[in-house]
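I opened the model to go through its fold and a few backbone details. My notes follow in the order in which I looked things up.

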Amino acid sequence: MCNEEQLTRWAREGLSRRQFGALGVMAVAGAACAPVAGDDSAITLPAMAERDVAFTTASGTMDGWFVHPMTRPAPAVILWPDIAGLRESKKDIARRLAGRGYATLVLNQYYRDTRAPIWTDFADFAGNGGWDRARAMRGKLTAEAIMSDARAAVAWLDAQEEVDTARGIGSQGYCMGGPFAVWTAAAVPDRVRAAASFHGGGLVRAGERLSPHAQMPGTKAGFLIAVARDDHAKAPADTEVLQAFAEKIGRGSTTQVYDGDHGWTVPDSPAYAPAAEAASWDDLMRLYAANL
């Protein structure tokens with residue numbers, strides 16, 4: 001789960017927004033120069049276009065942000081942010097995906113309460129009452145609500161000329177978005193063929209019918225369950241359950257503990273760990289190449 005104590009301590013001890021921002025700049029710079037999985041050559045980025053979007057759901061109007069390569073219709077990816085929501089660091093991850101050939105939709109999971117952005121970065125979130133505000137909003141984000149939102153997002157993507165509807169859709173989520181990525185695969189199994197959770201919390205919920213791990217076998221997706229080392233240390237049994245599910249499902253699925261703490265993949269997080277992030281990114285690219 002999100003490490004509230006750690007983020008609050010960073011804010012209290014005076015980690016300035018400039019320091020948070022410097023971490024983010026370094027992360028994005030590293031991402032832009034990352035090699036293709038299995039290839040040491042640098043990436044030549046295609047021309048890309050991006051725009052704010054909004055579409056109707058069963059609960060109202062959901063806003064988001066869409067980036068895509070301009071060269072041809074592309075397989076789509078839905079990106080669910082972490083607890084701090086849709087912000088520039090998530091857009092940078094989406095731009096990186098578009099550079100690899102994926103039309104990427106970043107969603108505002110809090111749209112029932114307000115449009116994005118709510119916080120500009122993790123420093124803003126941690127230092128300005130983010131936890132209390134997020135708790136009040138996230139109570140509405142049940143499995144049923146997210147699956148309904150996922151169906152609306154897939155329908156919107158399939159109506160876009162930039163999306164190759166002959167290819168499967170990917171879904172990836174961070175922290176609280178990790179379960180959302182799995183629920184997305186369960187909500188639209190004929191379209192969502194790959195799902196990745198990065199340091200996702202609450203993937204194994206004993207006794208819950210819609211526990212994300214219990215939904216995995218009924219999908220048609222391959223899965224990457226990327227576990228933070230500190231999350232694994234707190235709940236090793238959950239990792240074992242997820243590893244067993246990944247082995248049973250196949251389709252390139254894997255559950256792996258990475259050498260980074262919770263938040264290691266997020267560019268504006270002080271927990272960002274470049275080497276571990278690069279390893280999990282290459283695993284994500286392999287998952288998408290095999291299933292989309």
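In what order do the eight strands of the open sheet lie? I read the order as 1-2-4-3-5-6-7-8, with mixed pairing. For pairing I took the rule that DSSP finds at least two bridges between two strands. Strands (E, at least two residues) and helices (H or I, at least four) are DSSP runs, numbered from the N terminus.

**Ground rules.** This is a predicted model, in which local features need pLDDT of at least 70 and side-chain atom pairs count only at pLDDT 80 or more, while totals for chains, interfaces and linings use all residues. Residues are numbered from 1 along each chain as its sequence is written, and side-chain values use heavy atoms, with hydrogens and water left out.

**Confidence.** I looked up pLDDT, the predictor's confidence in each residue, from 0 to 100. The chain averages 89, and 85% of the residues score at least 70. Over residues 10-41 the pLDDT is below 50, and this stretch has 40 contacts in the model beyond near neighbours in sequence. A contact means heavy atoms within 4.5 Å. Where pLDDT is low, the predicted coordinates should not be read in detail.

**Whole chain.** I found eleven helices and eight strands. Of the 292 residues in the chain, 55% are buried; buried means under 20% relative accessible area, exposed over 50%, and partly exposed in between (1.4 Å probe, protein chains only). Among contacts between residues at least 6 apart in sequence, 75% join residues at least 24 apart.

Strand 1 pairs with strand 2 (residues 60-69) in the antiparallel sense, over ten bridges. In this pair I noted D52 opposite W65 of strand 2.

**Helices on the sheet.** For directions I used axes fitted to C-alpha atoms, for helices over the stretch in contact, with angles from 0 to 180 degrees between N-to-C directions. Helix 6 packs on the sheet and touches strands including strand 1, strand 2, strand 3 (76-80) and strand 4 (103-107). The direction of helix 6 makes about 130° with that of strand 1. Helix 7 also packs on the sheet, touching strand 3, strand 5, strand 6 and strand 7 (222-228). Its direction makes about 160° with that of strand 5.

**Helix 6 against helix 7.** Helix 6 (residues 143-158) and helix 7 (residues 177-187) pack at about 60°, with their axes 8 Å apart. From helix 6 the contact takes A143, I146, M147, A150 and R151; from helix 7 it takes F180, W183, T184, A186 and A187.

**Backbone.** Which residues does the cis peptide bond join? They are A116 and P117, with omega about 0°. P117 is found in the loop between strand 4 and helix 4 (122-127). I then looked up C175, whose phi is near 55°, a positive value in a residue other than glycine. C175 lies in the loop between strand 5 and helix 7 and counts as buried at 4% relative accessibility. R251, also not glycine, has a positive phi near 55°. R251 sits in the loop between helix 10 (236-249) and strand 8, and is partly exposed at 35% relative accessible area.
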